[in-house]
Structures are given as structure tokens and as C-alpha cells.
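Dear colleague,

Please find the structure below for your study. My notes on it follow.

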Amino acid sequence: MVTRGVHHATRQLSDVDALSLIDQPPEPLLTQAAKMRDQGHDRLLSYSRKVFIPLTQLCRDSCHYCTFAQPPRRLEAAYLTPDRVLDIARAGKAAGCKEALFTLGDKPEYRYQAAREALAALGYKSTIEYLRAMALLVFEETGLLPHLNPGVMTSTEITSLREVSVSMGLMMESTSERLMQKGGCHYGSPDKEPARRLESIDEAGRQSIAFTTGILIGIGETRTERIESLLALRASHARFGHLQEIIIQNFRAKAGTRMAFAAEPDIADLQWTVAVARLIFGPHMNIQVPPNLSVTGIADLIAAGINDFGGVSPVTPDYVNPEAPWPHLDYLAKQTAASGKIMVERLAIYPEYIRDREHWLDPAFQAAVLDKIDGESLARSDDWSPGDVSKALPELPLTPSFSKNADLDAILDKAIAGDDLDVGEVARLLTARDGEVHQVIEAADIVRQEKSGETVSYIVTRNINYTNICYFKCKFCAFSKGKKSEELRGRPYNLGLDEITQRVREAWDRGAVEVCLQGGIHPDYTGQVYLNILRAIKSEVPDIHVHAFSPLEIFQGAHTLNISVPEFLDQLVEAGLGSLPGTAAEILDDEVRDVLCPDKVSTADWFKVVDAAHRAGLKTTATIMFGHIEQPVHQARHLLRLREQQKLTGGFTELVPLPFVHMEAPIYLKGGSRRGPTWRETILIHAVARLALDPHISNIQASWVKLGLEGVAACLGAGVNDIGGTLMDESITRAAGAGHGQEMTPEAMEDMLVGVNRPSRQRTTLYTDASEERRQQSMSSNMIVPPTRLAG
């Protein structure tokens, strides 16, 4: 059988070698396990912020260590009502939870008349049917992502629950048949039969469910039996690739149970088991220990090879272990930092399964999951989105006991020295977290100070988008319209030459040194249209710089005239073209482009146009649009491809990072993308661009249209030295839903710069100083009233 290969290690211990670990001294095992964990997870330890919903504490089993299961006489109600379920879920959502963990006893209606009567009164035939309804209710009413732990399930039940959850779980506990015998902890518990539990775990794999399982240690099993249990789980995972985490849970003695006086595993025994699990499953498996069961041993468990703390609830107790309250998240973060690691939040479904979501997630949950993740498929660290004026700029977190990482320090030293970084190093900077983010920002600002000084430049320009009619189907674009479309924002339009030249004249009269022209690829346009636009502009305002036509427009225009790109560029230059905007780049990696804009120019074609433009004497900008479907490695490849082109031709004037504005983007509205980057990712890409492109591309620009003035001001301390143009009539980002306006006056820009103690200068397209005449003209002009567009 072919599996998807999730978590498969390239080399793993044989079963015989795994069993021989019993004879190994503990210290080398711990060292090896920690090293292996770092190979797969580096410095990150994850957790899920959850709310615990105990749907019923009735259970047909009688495990000798359990206080969760109770008979009907000890419970106020056999099942939580829908209202109570929602009350718990809403409290969790208010506390920032993203996971709704449903825990319940196994099929209590098989044992208790009270369970059957309660289900009938609620209108359901089985506990599983009621669980399905409640999971769906919680998701639809609160948006929390259900993780279900319903016990042993049939194939049909698993199919039913897959449709209402993002993940499920069933603890294997142990494969030891001895524990089922009289005197064993599972005696009288039919659902603890190892073969039945393994069959449920396997069936979850057959049905492509991201699944949680693990073992319970200290319940009478031997160390050999622990290893045998882990090997059985590994064999299941080898067949289906579905085990997203392995929990090593230590038994805790509870008053009132038959094992109330049984010895609990000590921290050394727990460490040994964690290390063995790591060595058996390899570097990439997620190995978890519940932190509330070993609060004083967090550092010891990290040293043994864990990479996850599991679900931690800020609002509900651990109903299975009520004697062990959850540690505060701040405490866990500090303990993690003291061990040289960084604690990060994840969802109920792990990142590697989110990245392959079409296989592992029901379609009903894919958009909801995407809405909650960042570029690494971890939980979003803030609620900020570019263009959203309702959200304040979040603070970048810094754990008090944060400790630096030697590998990151070496990369930053290399970048500050001006040495070229490789893809892995750039990706590492882009994934910085906690105190690392502050380090990257500081390093970028050191380089900016050395290369660009304190003065911040901007340009007085006007954007003229001459048509929004486009036959390309870029999935992110809310600006372009079909010829008869009235969808999204605004009607289709196609400006005539008189309207274009009027706008150019208005821009010149307001002190502009440049007009920037771009538009959709109109089905009736040929390259001659672009030539006509240039000639009309230069005839009306001969001294204005025309910054126009993306590589896509150049590529298409040449094709329609049946001439080469270099020939077309020569004609454009003769007609008055001054430079090219480096847009239509999005992410210059075809893994992303094949999904995001499959009919657009390829990465290679984009660079062919840019290369030809540079060789024709035309300067271009460069852009990167980020925060949609790409991962940090794609961003890193994009940046370094720009760097290599710059080494060849030297024609890029600046890089402009463009955060994806999601609000009206078709791909987001159809559930196919994230909701833009987080603030951490946004400020990082500006800083990393400075470090990765230095000394080859000198200018890094921040877009006020997408970031707002507060965001731009923050980026000025993270490697940025340019804040772009006044624009006068911005429409593309506004069409995507951004609310930061369509024009920024020179006075407003300079006032903002005064507020951050940075001098300013007006510049030209090519970064020389604007003339004093242009500057005076720009300062004495009024804002333009936005034009009314007519369809054409």
C-alpha cells in the first residue's frame, strides 16, 4: 500500500533494536532523543489552546484508575445539554481558544438505561449521533475546531464523525492483554481490548483522519510492553501516515479508585519512555506529554525529546485528571525559553496535515482552518490583517526568559557582514519567533542605517489603472472584472486616451514627478494600445516620468504584435516609457503560481521580461505579494531569485513587499487562502528582505495603502528606507477591501516621519532628489477628487 509518508523517518530503528533499548543506559538515550527531536522540530514546542467539553461522563467500561467515568446516580445529568455545550464553547472562544475537545465515555447507552432515556429525550439514538450534532453545533456557532475522543468506533461511526471534526483521538494505552485479565486495570472494560482499539486506529487511517493516540504508563505494564505498544502504533502509522501525535501519559493515582495506592511513574521513568518513543518514531513525529501531570518536570521532559504540550485550557479543568490543574501558559513559555526553545500555538490538526488538507480534512473545515493559520500552518499569533483599519497594530511578543539561538546569531552576523544568505538561511529568518523577531528587526535596521542612512524617501506620483477588464483569472485579484461583470467592487471600465491624459495633467499640476500605469489585460488590447497611451501622455506632459506596464503586460503586448519582448521594449522606450513596475510577480515560484495564477506568466517568463528590460536600459521595481497560500521557503526562493537577477543586470531600484489583502479576494472568499499575513510575518519580510538583498538591492519600501501609517512607521525601524508614493487615486488595494485610503499627501507623509524622528526627501522614480520646483508644487496643491469611472 502506498502511504502519504507523513512523519516517515528516512532511517528508523528495527523492532529488534527498539526492544533492545531496555538495556541501554538512560543518559545516552535522552541525549540522542533530544538531538533527534531538534532535527525535526528545531527550537519549537507547540500547544493547542483548547476548551474541554465533557459531553458525558457515563461509560460502559470500568477502568481501575479512572475517576472521569461516573454512574448516573453521581451526575446531575447524563449528558450536557446543547445550551450547556455552547456555554462552555463560547467561554473558550472568549478566552482565545481555537480547539473544542470533546471527551466522553465509551457507549454508555450499552450499559445504562439512564443514558438511553436521556438520549431519547434529546432526540438521538446513540451517543455518537449526539456527539456528531454537538460538534457541528459548536463549529457553526463559535468557529471552534472540534477534536473528538469518543472511544472505540465502527467504520460507519468514524465516517460520520470525520464530517464534523478536524481531528480525532483514541489512546491505545497498552497492547498488553495481561491488563485485561482479572486483577488487571482493564478487567471489565471491553473497549480496552487491544485488538479493538488498534482496529479503530487503523480505520481512522483508512479514512484519512489526522489522529491522536499514545500510551498510558504506570498501569501495570512492563517496559517491554510499552515498546511493543509503541511499535504497534508505528506499524499502523507506516500503513496510513495518519498519526499526528503520540502522547506519553503518566498514570496518576486517584482517591476512590482501585489503584488509589498504586505507585506513580517518577520523572526518570517518564523521561525514559519519552526518549524511547522519540527514537522509535523518529525526528518528525510529534511527541507529547500533558504538562499538568508533570508541572515541576517540564525542563526534564523537554530534555527527553518532547515537542508538544498538547491541549491547554485557560477556562476548563482537565476532567480526566481533575487533581492536576493546567499550568499557566506564561509559566510554560518561560520553562520552554529556559530550555532554549520557543513555545508556539498550533491548531487541533498539526501543520503537516493542514498543508495536505485536501486529503486529511473534510471540505467543510478547510476554509475555517486556513482562516486560523499563519505561513507555517501554526495558529495565527495575532488578529491583525493588512488593510483592516479596525484592528490596532499588535505588539510583538517577547518572553522574559527568552534565550538566543546560536544558529540564528550566525545567520544574522553573516547578513550584517554583507555575505549572501542561502535559501535555508533566509527561510530561517522568515520563521523567527518571540525574541528572534526583535533580533532580526534590529539586524535589518543596522544594515539600513549603514547603507541608506536616516533619511526616508517618498515620491509624488499618481496611479492610473486604465482598465479593470481582464481575461486572466488570477485567484487573488479583486480588481479585475469580466467584460460584463458587476461582481465584487465596482463596474468594469476602460479609460480612453483623453481621460488618461487628463489625469496625467492633473498629477503634474499637483507636483508629481511620475505616473504609474497598470491595468487588466483587456481582451481587445494589443501592444499598440500601450504604445498609444505612452505617446498620448508624452504629447500632453513631456517631462513626466512614465512608470508603466508590468512584465505580464509587456509579455502579452509583444505576443499580440507578433514581435519579441526586446523589440517591443525598444518601441515602448521610443514612445516614452521610463521604467517598469515589477508587479505580476506575486510569488516567483511556480509551485505557488500554478495554484494562485495558473494562466499568468511563469517565473521564468517574468524574469525574461525583467532581464530584457534591464538590458534595454529600463529600471524596474520588484515586488513580492505574501500571506496567501505560500510558505516561508517560497518567499525565500523569491527573494534570492531577485538577488541573482540583480547581480546579472543591476536594474532593480527597490523591493516592495505587498501583504495580501484578503477581504474581497476571490481565493479567500472561496475558502482557498489564509487571511493575509500576521503582523509578525509582515514586519519580518521587510526586515529579511533588507538582510537577504543587501548590498544588491538598496531600497526596501513599505506600502502605506496596505499597512497604514502606523504599520509603515514600525517598518521604518525594521530595514525600510522608502514609503512609496502619494498615489492620488489608488484602486487595486482598495478593491481588495483595504481601508487605508487612496491618497496620502506629502504633508501627511512628512508629518508621520517627523513623528518617528526621521528626515524625509522627495525623490524621483530612479531615487534622485525631486527638483525644488516639483516639491513646492506638491506642497501647494489640493487632493484630487476621485474620478467617476464609466464602463467602456
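The expected span of a helix is 1.5 Å times one less than its number of residues. Helices here are DSSP runs of H or I, at least four residues long, and they are numbered from the N terminus. This is a predicted model, in which local features need pLDDT of at least 70 and side-chain atom pairs count only at pLDDT 80 or more, while totals for chains, interfaces and linings use all residues. Residues are numbered from 1 along each chain as its sequence is written, and side-chain values use heavy atoms, with hydrogens and water left out.

Helix 9 (residues 267-281) has 15 residues and should span 21 Å; the distance between its end C-alpha atoms is 21 Å, which agrees. Because 13 of its 15 residues are buried, helix 9 is largely enclosed by the rest of the structure. Here, buried means under 20% relative accessible area (1.4 Å probe, protein chains only). Just after helix 9, G282 takes a positive phi of about 95 degrees.

A nonpolar core is a set of buried Ala, Val, Leu, Ile, Met, Phe, Trp, Tyr and Cys residues joined through side-chain atoms within 4.5 Å. The largest such core has 115 residues, of which L517, L572 and W606 touch the most other members. Helix 26 (residues 679-693) gives this core its largest share, ten residues. Apart from it lies another core of 81 residues, including M36 and I158.

With a disulfide taken as a pair of cysteine sulfur atoms within 2.5 Å, the count is zero. For C63, the nearest cysteine sulfur, that of C66, is 6.1 Å away.

Yours sincerely

Notes. Buried < 20%, exposed > 50% of the residue type's maximum accessible area, 1.4 Å probe, protein only. Helix = DSSP H or I, 4+ residues; strand = E, 2+ residues; numbered from the N terminus.
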